[in-house]
Amino acid sequence: VLISVLINMIKQLLFTLIVLITSTLNAQIKIDVVGDSWDKNVLSSLELIKQVDSTTYNFVTKNCNHIGFWNNTYSSSEGKSIYITTSEVKHGNILNIASIIVHESKHIELYEHNLHENEEECICYFFELEFLIKNKNVDLFLIDHIQKMFDKYGCEKYLK
């Protein structure tokens, strides 16, 4: 009986510690709790951003206060919220989710600058690429995607 009481106390302590760590890690950003571990994948992605580049993490937390999910073709932002597509979050690729968060947080910052869509997208993809190249094990499909978007939006003209 004493052992089962101790085990229950340890379980409660661990649960409390996990809640405290999670809320401390993500004190400024509210994450919708839906799907199978989607919020945990977003928390892992935010932690990855923080580990890779604390400046980028601070940028994200300054610009974004909410992360949700939606059934659309592309992730997006509105106000200070980021909406990740359900297809992206279902894949569970933490670095991909992190790069989406970085990219969309740049859109939030640029919202009131009245930039041409192509220029804004290029700035956001450059910002995302800067984050990705700081990671040790970047999936090549992420770099390939950015290259395709550079071509699509004509980003070479913004390098001059």
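Author: One term to start with: buried means under 20% relative accessible area, exposed means over 50%, and partly exposed is in between, using a 1.4 Å probe and protein chains only. This is a predicted model, where local features need pLDDT of at least 70, side-chain atom pairs count only at pLDDT 80 or more, and totals for chains, interfaces and linings use all residues. Residues are numbered from 1 along each chain as its sequence is written, and side-chain values use heavy atoms, with hydrogens and water left out.

Reader: OK, so is F150 buried or exposed?
Author: F150 is buried, at a relative accessible area of 12%.

Reader: And which ring does F150 pair with?
Author: With F126: the ring centres are 4.7 Å apart and the planes sit at 40°, so the pair is tilted. Rings of Phe, Tyr and Trp (its six-membered ring) pair if their centres lie within 6.5 Å; planes under 30 degrees apart are stacked, over 60 edge-to-face, and the rest tilted. This pair joins distant parts of the chain, with F126 in helix α6 and F150 in helix α7, 24 residues apart. Helices (H or I, at least four residues) are DSSP runs, numbered from the N terminus.

Reader: What about F126, how accessible is that?
Author: F126 is partly exposed, with a relative accessible area of 22%.

Reader: How many aromatic pairs are there?
Author: Five. One of them is Y125 with Y153, which is stacked at 6.4 Å centre to centre and 25° between the planes. Those two also link distant parts of the chain, Y125 in helix α6 and Y153 in helix α7, 28 residues apart. Y125 is buried at 8% relative accessibility, and Y153 is buried at 10%.

Reader: Switching topic, how many disulfides does it have?
Author: There is one disulfide (a pair of cysteine sulfur atoms within 2.5 Å). C122 and C155 form it, with their sulfurs 2.1 Å apart.

Reader: Why is it called left-handed?
Author: Because the torsion about the S-S bond of C122 and C155 is about -90°.

Reader: Are C122 and C155 buried or exposed?
Author: C122 is buried, at 1% relative accessible area, and C155 is buried at 1% too.
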